[in-house]
Amino acid sequence: MTAAPIHLLLADDDKDDCMFFEEAIEELPFTVELTTVNDGEQLLNLLSRKTSELPNVLYLDLNMPRKNGLECLTEIKGNDELKDIPVIIYSTSYDPDMVSQLYDKGAQYYFRKPAEFYQLKKVILKSLTLSFQAVHSQPEKQHFIIQP
């Protein structure tokens, strides 16, 4: 039995992080099609094109040039055509006030970028599994942060 591929969109300006993310998803137990953009404006332009297929899940880096993750999240959740895309925020930093704001703006999950490759693979798998179990609903706040 062949399952349809999962369409992921990654918005991250760090080329090394993008490379590690791509390598991690290649080792997951399902087929993934990955599209990558390098800043918030590219992300919103891609999502606004009527011809593009919307992703099953969006991984959104918090700290990006031109438009940061919070600005992108706010625009996505404010758009009727895009608001149902599950958005998983990830960042190298952890600021409890920002994480709370991301939750309030409608992000589905948040995780810190792990330093180790195996942890990255583990947290991506966990976040995807949780996203598909939740079927576009946001978890309770105490389950918002995913640990590797």
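This is a predicted model: local features need pLDDT of at least 70, side-chain atom pairs count only at pLDDT 80 or more; totals for chains, interfaces and linings use all residues.
**Entry 1: the length of H1.** I began with helix H1, which runs over residues 15-26. At 1.5 Å a residue, its 12 residues should span 16 Å. I looked up the end C-alpha atoms and found them 17 Å apart, which agrees.

**Entry 2: the sides of H1.** Which residues of H1 are buried? I found Cys 18, Phe 21, Ala 24 and Ile 25. They cover an arc of only 125° around the axis, so they sit on the same side of H1.

**Entry 3: the start of H1.** What caps the N-terminal end of H1? I traced the cap to Asp 14, which has a side-chain oxygen 2.9 Å from the backbone nitrogen of Asp 16.

**Entry 4: H2 beside H3.** Next I compared helix H2 (residues 40-48) with helix H3 (residues 69-77). Their axes come within 10 Å and cross at roughly 15°. Angles under 35 degrees count as roughly parallel, so I noted H2 as roughly parallel to H3. I also wrote down that the crossing of H2 and H3 is right-handed.

**Entry 5: Arg 66.** My last stop was the loop between strand E3 (57-61) and H3, where I found Arg 66. Arg 66 has a positive phi of about 70°, although it is not a glycine. Is Arg 66 buried or exposed? I noted Arg 66 as exposed, because its relative accessible area is 55% and the cut-off for exposed is over 50%.

Key
Residues are numbered from 1 along each chain as its sequence is written. Side-chain values use heavy atoms; hydrogens and water are left out. Helices (H or I, at least four residues) and strands (E, at least two) are DSSP runs, numbered from the N terminus. The expected span of a helix is 1.5 Å times one less than its number of residues. Buried means under 20% relative accessible area, exposed over 50%, partly exposed in between (1.4 Å probe, protein chains only). The arc is that of the directions from the helix axis to the C-beta atoms. A polar contact is a pair of N or O atoms within 3.5 Å; within protein, one must be able to donate a hydrogen and the other to accept it, and residues adjacent in sequence count only if both atoms are side-chain atoms. Axes are lines fitted to C-alpha atoms, for helices over the stretch in contact, and angles run from 0 to 180 degrees between N-to-C directions. Angles under 35 degrees count as roughly parallel, over 145 as roughly antiparallel, 65 to 115 as roughly perpendicular and the rest as oblique. A crossing is left-handed if the near helix is turned anticlockwise from the far one by less than a right angle, and right-handed if clockwise.
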